[in-house]
Amino acid sequence: MASSRDDFIIAIRSAFLKKSTQQKFSLLTLVFISIFIIVLSSFDLKFIRYLKAGISEAVYRSSFIVSIPENFLKNTFFEIREYSTFFKNYKINKEELNELKSKSISDKITQFENEELKELINNYTLSSDKLLAKIIVDHDSPYLKSIIINKGSKDNIKIGTNIYDRSYLVGRVVEVNYKTSRVLLLSDLNSNVPVTIAPQNIQAIITGTGENYGEIKYIKEGISNLISQDSIVYTSGTGAIFKSGIPIGRVDVADTGSSKKFKVDFYSDFSQLKYVFAELVTKIDVKNEDQKVDAGNSQINNTVDTKLQILEDEKKIIEQTNLKFKNENELLKITINNLNKQISDFKNEVYDQKQIIAQYNIDLDEIEFLRLNLKFGHTCRKSFLNNDGFEVGTLEYKSCVMNKGQTDE
Amino acid sequence: MSNFKSRGFYIKFYSFLPIIVLFISVLNEFDLNYLKLEYFSFNFPFILIFFFTLKDFKNFDYLLVFLAGLVNDTVVGLPLGISSLSYILICIATSYLRNITIRPNPIKDWFYFLFIISLINSINYSILTLFFSYDLLLLSYLVNIFFTFILYMFFAYLFKYYLKGLND
């Protein structure tokens, strides 16, 4: 027993510490270095950030070069597949193009209106430039869904920069190096985007599933039934992580029997991305006419600043009040709905009771008729001796009985 | 003379082929995920490292394996050191198996491989979820372990041919 334990200890010690002729480090040393690196990478130190950025820069470039043959084969495969459905797609695209051309004009008008309204709401406007970026690494890992683009801090890319495929949202930047950046795709499990579902105007959050679709989560109770098939999902801009109004995908309602699942089919196919757009946003203050005129006078400027501060505070208060009113409004709506439901229940109850009363009255009449029938039935019934009588069951007979044997005449 | 030199280069290249393939696979994520076969993924570096460290292949330096892990973390986007630790743990496991084995048996190696990759992926999953708050699908890990285990024998067969070619 003791000898087998010794053997085990010897084997373990040998596995950890013994170096072969070619090995420069023992495995135990390498384990400690690995753990040290893991611990270091969990701290957000400046030195480590730079080191990581350096390693990432070199590795992403190498990965791009190494992936060239595989990417070539992959792209050839996809191109061949595309050619086989080329004509069919051409016809569909032509129709879609005609529709889109007509929609495009009204969209532009809406966009201008939107910009004007945003300027009115805030005292700043956002100007954005879209920067074309090439995807250099696109390994579809089963665990993490991300891509590497060839633009980094040198090109003013920042953490959180929104990334687009045409005008559709693809994800946001989560790691920035000097000339490369990592983009977390919407399909990643760690991706959460605040969205609006149109036309119902429902606020929700979509999360990635690790597959090529998203799932609507964190939706207010009771309003999920309003979501219909093919509803459009776009960013709401809540939390200021994503710009508002960027299209994401369409809702696909999957009924699983007991509950409904709301999938979001992304407009963009993340596995087919070659180039993407990174949106560089700059905040420009909107100066009103008064400020421009009084630019030279610092004292007046101070006054204007104070006024602006007051106005800003006032705006905040109004926003807060507005929010409160909205909440109250929501509560009132719920109360109204409940009351309406109660009214409807009461109406049903009253109707049922009326029915019972009516039945009771009929029963009373019947009993009265039967009682009188016993007494006066023989005077009203037509018989050999009573020629003036009536046939049993007729209205005249009933009337005669109810009149205690006296006819109407 | 030049012919002799070029032959020497090829022999050297051939003998370093496993480590070159390891670096290509971590840089390229060679796992056929882009084929979009549902529920299909496998970890090629695990198979490669397990096989060649088990055979105590002389040109398969632990330091290079460690560096390959760092490269893999950078490419995949995991915290640095996670894959290095996984790869080194495989090396330790194979070294231990070598020490206790008198008569090697491929089937025993195969099931030992299943145990080791399950253990390492569990450690991986635990570190990522507990310390780095990653959201991960456990099913993906299970599927990955299953296919890595299944494909081990196929690749082991290919690698044996490679070793045979090297000895010849």
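Strand 6 (residues 192-198) and strand 9 (residues 232-235) of chain A run antiparallel and are joined by four bridges. Strands here are DSSP runs of E with at least two residues, helices are runs of H or I with at least four, and both are numbered from the N terminus. Two strands count as paired if DSSP finds at least two bridges between them. Across this pair, V195(A) has T235(A) in strand 9 as its bridge partner. Both strands belong to a closed barrel of six strands in chain A, in the order 6-7-8-11-10-9, with antiparallel pairing. From one strand to the next, the twist averages 40°. Such angles run from 0 to 180 degrees between N-to-C directions, with axes fitted as lines to C-alpha atoms, for helices over the stretch in contact.

The model is predicted; local features need pLDDT of at least 70, side-chain atom pairs count only at pLDDT 80 or more, and totals for chains, interfaces and linings use all residues. Residues are numbered from 1 along each chain as its sequence is written, while chains are lettered from A and ligands numbered from 1 in the order in which they are written.

Chain A also contains strands 3, 4 and 5. Strand 3 (residues 162-165) pairs with strand 4 (residues 168-176) in the antiparallel sense, over four bridges. Y164(A) stands opposite L169(A) of strand 4. The two strands form a hairpin with two residues between them, and R166(A) in the turn has a positive phi of about 55°. Strand 4 is then joined to strand 5 (residues 181-185) by five bridges, again antiparallel. Here V176(A) lies opposite S181(A) of strand 5. This hairpin passes through four residues.

Overall, chain A has eight helices and 12 strands. Of its 409 residues, 19% count as buried. A residue is buried if 20 or more other C-beta atoms lie within 10 Å of its own, exposed if 12 or fewer, and partly exposed in between, with C-beta atoms placed from the backbone. Among chain A contacts between residues at least 6 apart in sequence, 53% join residues at least 24 apart. A contact requires C-beta atoms, placed from the backbone, within 7 Å.

Chain B has seven helices and zero strands. Its pattern along the sequence is α-α-α-α-α-α-α. Buried residues make up 39% of its 168 residues. Of its contacts with a separation of 6 or more, 68% come from residues 24 or more positions apart.

Helix 4 of chain B (residues 62-76) has 15 residues, and its end C-alpha atoms are 21 Å apart, in agreement with the 21 Å it should span at 1.5 Å a residue. The expected span is 1.5 Å times one less than the number of residues. Of these 15 residues, 11 are buried, so the helix is largely enclosed by the rest of the structure. Among the buried ones are Y62(B), F66(B), L70(B) and D73(B). Just after this helix, G77(B) takes a positive phi of about 95°.

Helix 5 of chain B has 19 residues and reaches 27 Å from its first C-alpha to its last, close to the 27 Å expected at 1.5 Å a residue. It is largely enclosed by the rest of the structure, because 15 of the 19 residues are buried.

The largest nonpolar core holds 83 residues, and I49(B), I88(B) and I90(B) touch the most other members. Such a core is a set of buried Ala, Val, Leu, Ile, Met, Phe, Trp, Tyr and Cys residues joined through C-beta atoms within 7 Å. Helix 5 of chain B (residues 82-100) gives the most to this core, with 10 residues. Leaving out residues up to four places away in sequence, I90(B) touches F46(B), I49(B), F50(B), T53(B), I116(B) and I120(B).

F50(B) sits in helix 3 (residues 44-54) of chain B. It counts as buried because it has 26 C-beta neighbours inside 10 Å. With the same exclusion of residues up to four places away, F50(B) touches I90(B), T94(B) and F113(B). The C-alpha atoms of F50(B) and Y152(B) are separated by 9.4 Å, although the two are 102 residues apart along the chain.

The contact between the chains takes 42 residues from chain A and 39 residues from chain B. Helix 2 of chain A gives the most to the side of chain A that touches chain B, with nine residues. By class, that side has 19 nonpolar, 17 polar and six charged residues. Nonpolar covers Ala, Val, Leu, Ile, Met, Phe, Trp, Tyr, Cys and Pro; charged covers Asp, Glu, Lys and Arg; the others, Gly among them, are polar.

How values were computed
Two residues are in contact if their C-beta atoms, placed from the backbone, lie within 7 Å.
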